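Trainee: Please take me through one part of this model in detail. I would like a single connected account, with the numbers.

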Amino acid sequence: MARGDLTDAQWAALEPLLPKGKKPGRPPIWTRRQLIDGIRFRVRTGIPWRDMPAEYGPWGRAYDLFRRWQRDGTWHRMFTRLQAQADANDLITWDLNVDSTIVRAHQHAAGARKKGICKRSRPAASPPSRTTMGSDAHAVV
């Protein structure tokens, strides 16, 4: 087990939340725990999928699992369930503090006058452009 891999207690909490397999037949070579540890390693380190260590299984299999669960909302469901369990056990503190000295609107949102660098690119009343009509015709300005 590598340093960032799931512990047995973490896996015991996560395993019931995983979707059940649908296909009967031969058991997979790579366990879901290995693939999930590989996905977590890749997300934690930011490496390309192809550089994922071989101990976590083939990178393509881990990528397919990651994308499939991302598309069908499995990751989000697991996160909300784990968060609800942690909240029920009082492991999350929901304190929020907003200090008004750091909450500021942009100067344009506050109604500041536009001067200095923030000028219009064109004047408001630009002269009309000359139009060409024919070879001998003159435009009326």
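Mentor: Start with Gly46, which follows helix 2 and has a positive phi, near 80°. This is a predicted model, so read every value as computed from it. Helix 2 covers 32-45. Its 14 residues should span 20 Å at 1.5 Å a residue, and the end C-alpha atoms are 20 Å apart, which agrees.

Next, the buried side. Leu35, Ile36, Asp37, Gly38 and Ile39 are buried in helix 2. The packing partners of the buried residues of helix 2 are helix 1, helix 3 and helix 4 (74-88).

The largest nonpolar core holds 17 residues, and Leu14, Leu18 and Ile36 have the most contacts inside it. At least two residues of this core come from each of helix 1 (8-14), helix 2 (32-45) and helix 3 (59-72). Helix 3 gives the most, with four residues.

The angle makes the label: planes over 60 degrees apart count as edge-to-face. Trp49 sits in the loop between helix 2 and helix 3, and Tyr63 sits in helix 3, so this pair ties together parts that are 14 residues apart in sequence. Trp49 has a relative accessible area of 11%, so Trp49 is buried. Tyr63 comes out at 31% relative accessibility, so Tyr63 counts as partly exposed. The cut-off behind both calls is that buried means under 20% relative accessible area.

A second pair is formed by Trp69 and Trp75. This pair is edge-to-face as well, at 5.2 Å centre to centre and 70° between the planes. Trp69 has 3% relative accessibility and therefore counts as buried. Trp75, at 24% relative accessibility, counts as partly exposed.

Ring pairs link Trp49, Tyr63, Phe66, Trp69 and Trp75 into a cluster.

Notes: Residues are numbered from 1 along each chain as its sequence is written. This is a predicted model: local features need pLDDT of at least 70, side-chain atom pairs count only at pLDDT 80 or more; totals for chains, interfaces and linings use all residues. Side-chain values use heavy atoms; hydrogens and water are left out. A nonpolar core is a set of buried Ala, Val, Leu, Ile, Met, Phe, Trp, Tyr and Cys residues joined through side-chain atoms within 4.5 Å. Buried means under 20% relative accessible area, exposed over 50%, partly exposed in between (1.4 Å probe, protein chains only). Rings of Phe, Tyr and Trp (its six-membered ring) pair if their centres lie within 6.5 Å; planes under 30 degrees apart count as stacked, over 60 as edge-to-face and the rest as tilted. The expected span of a helix is 1.5 Å times one less than its number of residues. Contact means heavy atoms within 4.5 Å.
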